[in-house]
Amino acid sequence: MSGIHVTTKINGDVVEYVCDADETLLDVLRNRLGLTGAKEGCSTGDCGACSVTLDGRLTCSCLVLGAEADGAEIGTIEGMAKGEELHPLQRKFLQHAALQCGICTPGILVAAKALLEHNPKPTETEVRFGLAGNLCRCTGYDKIVRAVLDTAEEMHRSARGA
Amino acid sequence: MRYERPSTMKQASALLAKEKGKAFVLAGGTDLLVRLRTGFIEPDLIVDIKRIVATREIQSTAAGFRIGAAVTGAELGEHAKLQKAWPGVVEAANLIGSKQVQGRCTMTGNLCNASPAADSVPALVAAGAKAVIVGPKAKRTIPVEQVPVAPGRTSLRKGEIVESILLPKRPARSGDAYLRFIPRTEMDIAVVGVAVSVTLDAKGVCTDARVSLGAVAPTVLLVPEAAKALIGTKMDKAALDGLAKACSAACQPIDDKRGTREFRIKVAGVLARRAAQIARRRAGGK
């Protein structure tokens, strides 16, 4: 099988890779590019642990072929903090202890960021629906939801103060 | 396995037509990749149609809307004009999967996956939608209910691809709605799905109706008897009773872990009644 040459942009950087036709974007990210933040949970698009953004849209990277990403812009958890400075969501997740084992956390952070970009002041119900595609077996979700709501509140306050 | 990404429908159709092995069309991939990864299918060729411009657009035309085969659920939900004209179709499509899945999944994929429980399909059938099919030799347009023929099987012939879905122009005082029963609040497969589309006259009398059921037969059903129960009435209690009865009578469901036969038959009637009331309200009925 001859490889497919793909040119893409990941977290703002141009990245080129060669992948097999049946290889998922998740496998490319993890096995070829060393970006192991996106996790493999169910590999059927149900758990959201592999969440990334593709041209700005939240998606499960296990449901995308590596070849499909040619010409696309991909956002992963690795691009969320700016150097040493954590994204407000990452900070709030730590403050609220909104994680235990941490496997689902990268996917939830990527999904929560996409949610707040789309809806900066979500209600609790909107947060729960917005994150329904991300399964967490440890926390019971409550701390996650509180962390997201608190982040929205803080980002709203600082936007008004600015 | 080969992966091809043609830029025209003609090329896509030719690739599928000449492939000797197993060939599949890829749009959103939310069903195809699951089947691929679980070994349920072993394709020799995958034809990705997302580079074809016609598959990516929602066009508002004099005849209604033309929705490209690769338009995602999220894009449907963000299209204000479509949402206003066909709220039932959009709400049904937006029930498919999670936010992640919405970013990729398509109504055409939902149709061609041919699941009896597909959420957007009853809404499309009730809407009188048509599928535009491009083949190696000709293009044809058929009612969407003629696309799935059995669970997982469609009427598409070798080399044929659904290019787009057509939704008709809406007469004044029209409304549609889709409701499904699932045991959870989200992210589940319909145990029963019901779509109702109605048009009222100035006095609130129903002049036209289409009713469709999902997950209660091998394919999504169009139920003319249920529509008949509404047409000519003000959709009062007696008419809704007739609607519910006709819907329950049309069911030929299976018994499985998600719902018994009796439950599905009963719920089809209950949901039909509720969906009809929402559709009526959306049509401006008092």
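Predicted model: local features only at pLDDT ≥ 70, side-chain atom pairs only at ≥ 80, totals over all residues.

I started at the end of a helix: just after H11(B), Gly284(B) takes a positive phi of about 95°. Helices (H or I, at least four residues) and strands (E, at least two) are DSSP runs, numbered from the N terminus. Residues are numbered from 1 along each chain as its sequence is written, and chains are lettered from A and ligands numbered from 1 in the order in which they are written.

**Helix H11 of chain B**

I checked the length of H11(B), residues 261-282, next. Its 22 residues should span 32 Å at 1.5 Å a residue, and the end C-alpha atoms are 31 Å apart, which agrees. The expected span here is 1.5 Å times one less than the number of residues.

Which residues of H11(B) are buried? I listed Arg264(B), Val267(B), Ala268(B), Gly269(B), Leu271(B), Ala272(B), Arg273(B), Ala275(B), Ala276(B), Ala279(B) and Arg280(B). Buried calls for 20 or more other C-beta atoms within 10 Å of a residue's own, exposed for 12 or fewer, and partly exposed is in between, with C-beta atoms placed from the backbone. These buried residues pack against H5, E11, strand E12 (192-200), E13, helix H9 (224-230) and helix H10 (237-250) of chain B.

I then picked out Ala275(B). Leaving aside residues up to four places away in sequence, Ala275(B) touches Ala177(B), Tyr178(B), Leu179(B), Val194(B), Ala195(B) and Val196(B). Contact means that the C-beta atoms of two residues, placed from the backbone, lie within 7 Å.

**The sheet**

I followed those partners to the strands. E11(B) is mostly covered, with seven of its eight residues buried. E11(B) runs antiparallel to E12(B), and eight bridges join them. In this pair, Ala177(B) stands opposite Val196(B), and Tyr178(B) stands opposite Ala195(B). Strands pair if DSSP finds at least two bridges between them.

The open sheet has four strands in the order E11-E12-E13-E14 (chain B), with antiparallel pairing. E11 and E14 of chain B are at the edges with a single partner strand each, so one side of each has no neighbour in the sheet.

**Helix H5 of chain B**

H5(B), residues 87-94, has six of its eight residues buried, so the rest of the structure largely encloses this helix. The buried ones are Gly88(B), Val89(B), Val90(B), Glu91(B), Ala92(B) and Ala93(B).

Most residues other than glycine have a negative phi. I noted Arg173(B), not a glycine, with a positive phi of about 55°. Arg173(B) is in the loop between strand E10 (161-168) and strand E11 (174-181) of chain B, and counts as partly exposed because it has 18 C-beta neighbours inside 10 Å.

Ala215(B) is not a glycine either, and has a positive phi of about 70°. Its loop lies between strand E13 (206-214) and strand E14 (221-222) of chain B. Is Ala215(B) buried or exposed? Ala215(B) is buried, with 29 other C-beta atoms within 10 Å.

**The core**

I looked up the largest nonpolar core and found 143 residues; among those with the most contacts inside it are Leu124(B), Val194(B), Val196(B) and Ala275(B). Helix H3 of chain A (residues 105-118) gives the most to this core, with eight residues. Such a core is a set of buried Ala, Val, Leu, Ile, Met, Phe, Trp, Tyr and Cys residues joined through C-beta atoms within 7 Å.

The contact takes 23 residues from chain A and 21 residues from chain B. On the chain A side, E4(A) supplies the largest share, four residues.
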